[in-house]
Amino acid sequence: MSMKYKVSNEILAGRAPSTTEEANPFRRFRRLAPFLIALVVAFVFNYPALRNRSYNAGYMFTGDILGFYWPSLFKIRNLIAHGHFTAIDFSHYNGSAAFFLAPNLFSVYPVFVVGSLLSAFFKVNANHIERLLTWTIALNFFLAIYFSIRLTMRFLDWDVWQASLAGVFFGCSIYFVVSLGEPTFLFCAAPIPWIAYAGLRFVQSPSKSAFLLASVPVVFSLLGGYLPLGIAATAFGLMTALLVFWIGSGSLQAFQFSSLLRLVAPAIGAIALTSPFLADSYRFLKDSPSDQTPNLFYSAHQLSDLPQAILRMFSYRYKVPGPITEMSAWVGVIGLMILVLFFFRKDIAEGLERAEVHAIAVCIGLYSLFVLITYGEFSPLSDAFFYFVPQLGNMHIYQRFLMMSHIFLALALAIMLNGLTRSHRPESGRTALILTGIGLFAAAFAVARYTENAKTAGLTGYIVFELLGLFLFLALYRTGNRSVIFLSALVLMNLPALSVMYDWSLETQDRGHIARRNPVDLDEQLQSRIVQFMRKYSKKDLVKYVDLSPMWNAGSLPPFPKSFPYWVENQISLSSYHGFNFYLSGRSDYESFMPIGADPATHYPILAPNWQWLESTGADFAIVDAAALGQGAIPDSLLAADPAARLPIPNNLVIVPLAQEFMEPAAVYFDNGVFRVHRPGAIAGSSARLIGSAANLALGKPTRQSSQMGNAGSALAVDGNHNGNFNLGSVFHTQSEKSPWFEVDLGQRETVNTIRIWNRTDCCADRLSDYWIFLSDAPFPQDATAATLAQNSRIWRKHVLLAANPNTVVTTDDAHGRYVRVQADAPTGDRILHFAELEVFGPPRETGAAQASAAPAVRATASGNFANQFSVSIQNEGPVTLEYLMFYNPKLRFYVNGEEAFPRRAPGTLVTFDLPPGKNRVEVRYRDVLLSLFWLFYAIYGAAVAVVVLVSIPWISRRRARS
């Protein structure tokens with residue numbers, strides 16, 4: 001065995017290196033080189049994002065960061081800085097979501113926890129949070145490069161050039177750069193070489209402090225914010241450690257079972273430390289809609305690459321027809337040339353140790369395996385990965401594994417280039433240089449003279465530039481100088497990634513441009529104006545609104561930020577019935593009756609609200625497209641009486657106060673948005689308020705329909721049965737046709753005040769959207785379309801855009817008519833019309849006046865931290881009913897007068913308590929035992945790591961030695 005690997009085995013065995021190394025005058029530089037190189041490269045890559053207070057950090061203004069991660073980090077800071085380490089997310093999903101447990105949020109990432117704790121002593125705004133996130137991203141670039149270099153220099157005895165080539169090619173890979181819109185990917189994958197390095201250090205010198213420090217990178221990866229990737233990255237780190245040992249020792253047989261146990265022990269310790277959090281997050285994930293989403297098509301096929309995407313290995317900039325979801329396999333022209341130069345040699349193994357040859361085969365094999373997995377329906381490996389890799393196989397976008405397997409490609413290329421330089425010949429690379437020169441000038445000529453044809457072929461100036469870099473590399477490779485070859489490869493191989501990184505900082509992506517496109521996110525004055533408007537029309541402690549704008553627009557940005565409550569929570573406590581991350585942050589039982597539908601016009605995802613739930617929980621405002629406001633986007637019964645009380649905001653949206661008289665007059669004694677105290681027996685809902693005891697004028701009346709499917713005749717829509725399950729036989733249904741309709745004859749001309757439609761509930765509720773309701777004295781023509789009837793001034797008409805969930809109430813302002821028709825048109829294709837019941841009511845009768853006059857005197861005061869505890873104290877002369885106005889969560893505990901109470905509730909109903917006369921106190925607490933246990937472990941662990949690090953600082957160590 002060569003002296004090189006003898007040295008590596010000595011290091012791994014814990015013995016001192018040879019005296020030759022001790023006498024090396026460059027030993028000090030060798031120790032500092034990984035730090036200096038990593039610092040310089042990470043700084044160069046991240047400089048545009050860090051300068052000017054992160055004004056040009058373009059990735060900060062992309063859809064997911066601006067819409068979710070950045071404001072969520074603001075929320076993390078506010079919770080932790082105020083000592084709240086468990087919390088329901090009262091800002092979103094009507095309080096159904098557990099904030100810290102979202103499985104794709106870095107809520108417990110060490111950097112942000114420490115930063116949040118320290119920020120308790122300072123005034124922090126959104127710009128400070130932005131800079132913290134950009135510096136944390138730069139830190140991860142540094143860590144990935146630094147520990148990649150340290151790993152190969154220490155345990156493989158590579159020189160600085162070879163180690164730096166592998167380290168920079170991994171730590172500044174195109175995958176890391178393009179994933180900056182999802183920083184959780186970077187936080188999970190960057191510690192891979194750190195995991196391998198720390199694990200091998202522990203094998204080399206096992207001790208309690210070494211065990212503790214070796215577990216740190218695993219903790220960073222597991223808590224990086226994306227649980228599947230964190231688990232996978234831990235496995236990749238251990239695989240990398242085994243691979244490095246194999247290369248260094250020449251055989252895995254030298255790696256004894258006890259060494260293997262020591263290698264995995266820190267990872268096991270980190271998993272044990274984080275297991276309460278991992279288990280709690282997994283349980284929450286099982287309760288979210290995403291648990292029902294994974295299937296073979298969703299996970300392995302839906303967003304997979306096409307096999308022809310293999311052409312993107314040549315260049316990230318090469319335009320290959322077909323979709324690109326997040327990232328594709330990429331090697332780069334110089335990396336591919338190293339592969340060609342190496343594998344086209346007559347004697348491939350010349351200049352290499354046997355272990356290096358084996359390592360190349362393993363590295364290329366592992367990388368190729370994950371490349372093949374990304375090809376979806378074309379690759380059986382994708383299907384096998386789904387079936388045989390628990391949980392990780394459900395991760396949906398397998399291209400994310402490319403950013404982790406890239407470390408194997410980086411190691412392989414470094415070994416190959418090292419072998420090529422060891423056995424360099426004068427004629428090496430001559431043919432490749434000639435062919436590259438011809439290709440370079442041909443590509444440049446095609447792009448310059450035949451621009452359109454070149455674009456069709458996928459050629460651009462970027463490709464010409466990368467070919468120029470390849471030509472320069474081959475020219476320098478011909479010199480045979482090892483340092484020149486490695487330095488040129490180090491620089492030129494990473495220029496494409498640097499180019500993409502700097503593209504994030506173009507002027508069209510800076511904070512100023514994005515603020516003009518999405519001012520609600522970044523304009524503090526506009527945010528304050530919205531807060532003032534809401535404060536004017538609602539005095540509640542917790543103000544609620546329903547956001548009816550699409551999830552995102554054509555620019556992949558939300559027209560109104562779904563995380564708006566996070567941005568302004570230092571000014572007002574807001575609660576939205578929706579949220580940005582609707583598959584992973586809400587509970588399935590909540591989202592089952594507050595589902596995500598589609599905008600009829602744009603087909604963008606949009607909330608399909610349950611208006612009854614909004615009424616019963618006291619919604620204060622709605623945010624809706626201004627053009628859709630007058631077309632039934634909000635039921636008329638919920639609109640506030642004052643039409644001037646509306647606030648226009650950018651993206652053609654308007655904030656509208658909702659009617660607050662959801663219950664009988666004087667029935668409500670107290671309502672702060674969290675609790676409502678009211679007279680026993682009072683029922684919330686505009687239907688009860690508007691309809692009162694009025695009779696259903698359509699019940700059992702003659703009906704007809706444009707067409708009929710099976711036995712689903714029109715009479716089922718006036719049979720008095722609201723059940724929307726089609727299989728239970730009370731849903732009318734037409735065939736698919738151009739303009740389907742339903743009609744009821746009231747028998748005589750009636751004064752109509754309210755029309756209520758109950759939707760189908762077992763499926764397809766979105767079909768009852770974008771339709772018209774007509775009221776006429778004369779029968780409607782059989783073949784008239786909705787568009788034709790809408791132009792008839794003698795017919796009362798109402799255009800309803802959103803689907804009923806489960807019903808919608810439309811007011812008619814005492815219109816008169818005998819015939820009521822519901823009709824939909826299809827601009828293209830056909831439509832289907834179905835619903836469970838149509839009810840028609842006249843003016844309501846006054847009810848409850850006598851009861852209201854006898855209302856008992858009630859005084860109530862409430863307190864709470866808008867995280868995990870609320871209480872209300874009531875002094876009432878007579879019996880009252882108290883409702884908890886947020887969604888029920890199984891981890892809530894309710895206490896009435898100091899004793900735990902167990903409320904009864906049906907799905908989709910409020911938690912209610914009947915309280916006797918006297919003094920009463922009701923308290924709601926959120927208790928998460930697993931999460932609390934995790935924070936206890938985490939605090940002890942963090943303190944222990946801090947002590948070990950402080951003791952390890954050289955000047956402290958020397959001081960201890962002297963004492």
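How many aromatic pairs does the structure hold? In this predicted model, the count comes to 63 aromatic pairs. One of them brings together Phe385 and Tyr398, whose ring centres sit 5.0 Å apart with the planes at 75°, so this pair is edge-to-face. The two partners come from distant parts of the chain, 13 residues apart: Phe385 belongs to helix α17 (residues 380-388), while Tyr398 is in the loop between α17 and α18. Both Phe385 and Tyr398 are buried.

Phe385 also pairs with Phe401, and here too the geometry is edge-to-face, because the planes are at 75°, with 5.2 Å between the ring centres. Phe401 is in the loop between α17 and α18 and Phe385 in helix α17, so this pair ties together parts 16 residues apart in sequence. As for accessibility, Phe385 has a relative value of 10% and so falls under the 20% limit for buried. Phe401 is buried as well, at 2%.

Next come the helices. Helix α15 (residues 333-343) is largely enclosed by the rest of the structure, because eight of its eleven residues are buried. Which residues of α15 are the buried ones? They are Val333, Ile334, Gly335, Met337, Ile338, Leu339, Leu341 and Phe342. What do they pack against? Their partners are α16 (354-373), α18 (402-422), α19 (430-449), α21 (461-477) and α22 (482-503).

Two of those partners, α18 and α19, are also the helices on either side of the loop that holds Glu427. At 41% relative accessibility, Glu427 counts as partly exposed, because that value lies between the 20% and 50% limits.

Another loop residue is Thr86, placed between α4 (63-81) and α5 (110-118). Is Thr86 buried or exposed? With a relative accessibility of 10%, Thr86 counts as buried. Setting aside neighbours within four places in sequence, Thr86 is in contact with Phe100, and also with Ala867, Asn868, Tyr926, Asp928, Leu931 and Ser932.

Finally, the cysteines. The structure holds one disulfide, and it joins Cys763 to Cys764, with an S to S distance of 2.4 Å. The torsion about the S-S bond is about -70°, so the disulfide is left-handed. Cys763 is partly exposed at 31% relative accessible area, and Cys764 counts as partly exposed too, at 23%.

Technical notes
Residues numbered from 1 in each chain as written. Predicted model: local features only at pLDDT ≥ 70, side-chain atom pairs only at ≥ 80, totals over all residues. Heavy atoms only, no water. Helix = DSSP H or I, 4+ residues; strand = E, 2+ residues; numbered from the N terminus. Buried < 20%, exposed > 50% of the residue type's maximum accessible area, 1.4 Å probe, protein only. Contact = heavy atoms within 4.5 Å. Disulfide = S-S within 2.5 Å. Phe/Tyr/Trp six-rings, centres within 6.5 Å; stacked < 30°, edge-to-face > 60°.
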